[in-house]
Protein chains: 2
Amino acid sequence: MQYQATVRIEQKAGMLDPEGTTIKRALGQLGYQVDSVKTARLYEIVLEAESAELAAQKVDEMCQKLIANPIIHNYTVELKELK
Amino acid sequence: MQYQATVRIEQKAGMLDPEGTTIKRALGQLGYQVDSVKTARLYEIVLEAESAELAAQKVDEMCQKLIANPIIHNYTVELKELK
């Protein structure tokens, strides 16, 4: 089976988000007052696996080993079956 | 009313995604064969507006003027009422 995993990586609470801060300030300079801007990254990974459970487990390992830094990031994974 | 807009920015079809390519290769070196990795950025913007229509219009302007580069990016906006 082929699965698409959407991994969302964001800073843990209390971590600085300088890109969000900069965009909020730049929006203000353009005349758009907003209350907050928070950034996150998305990774859409298409992979083969024998079951949804195995796909989810593999993607979780990928996040732990490479994609996220568990010290500073929270991550969530959504899995969708493609075929 | 307060709204949360989730803006998703991704490369247009045909644009290179070097971060995705690098992660796919690095995953392969770690023993995880995947079919593809595509990256995108998320911006969660909290703002005040008189209606959902006005909020959506403002966020669209922000995307056009600052957050996205319409030549190379596609973007989508999801709006949620907070209070």
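User: How do the residues of the lining of the largest pocket divide into nonpolar, polar and charged?

Analyst: There are four nonpolar, five polar and seven charged residues in that lining. Here Ala, Val, Leu, Ile, Met, Phe, Trp, Tyr, Cys and Pro count as nonpolar, Asp, Glu, Lys and Arg as charged, and the others, Gly among them, as polar. This is a predicted model, where local features need pLDDT of at least 70, side-chain atom pairs count only at pLDDT 80 or more, and totals for chains, interfaces and linings use all residues. Residues are numbered from 1 along each chain as its sequence is written, chains are lettered from A and ligands numbered from 1 in the order in which they are written, and side-chain values use heavy atoms, without hydrogens and water.

User: What makes an open set of points a pocket?

Analyst: On a 1 Å grid over the protein atoms alone, a 1.4 Å probe fits at its points, with protein on both sides within 12 Å along at least five of seven lines; lining residues have an atom within 4 Å of a point. Of its 16 lining residues, Arg8(A), Leu42(A), Thr6(B), Leu42(B) and Glu78(B) are the closest to its centre.

User: Which element gives the largest share of that lining?

Analyst: β3(B), with five residues; strands are DSSP runs of E, at least two residues, numbered from the N terminus.

User: And what lines the second largest pocket?

Analyst: Its 13 residues surround about 150 Å³ of space, and β2(A) supplies the largest share, four residues.

Definitions and conventions: Points joined across faces, edges and corners; volume = space filled by probe spheres on them.
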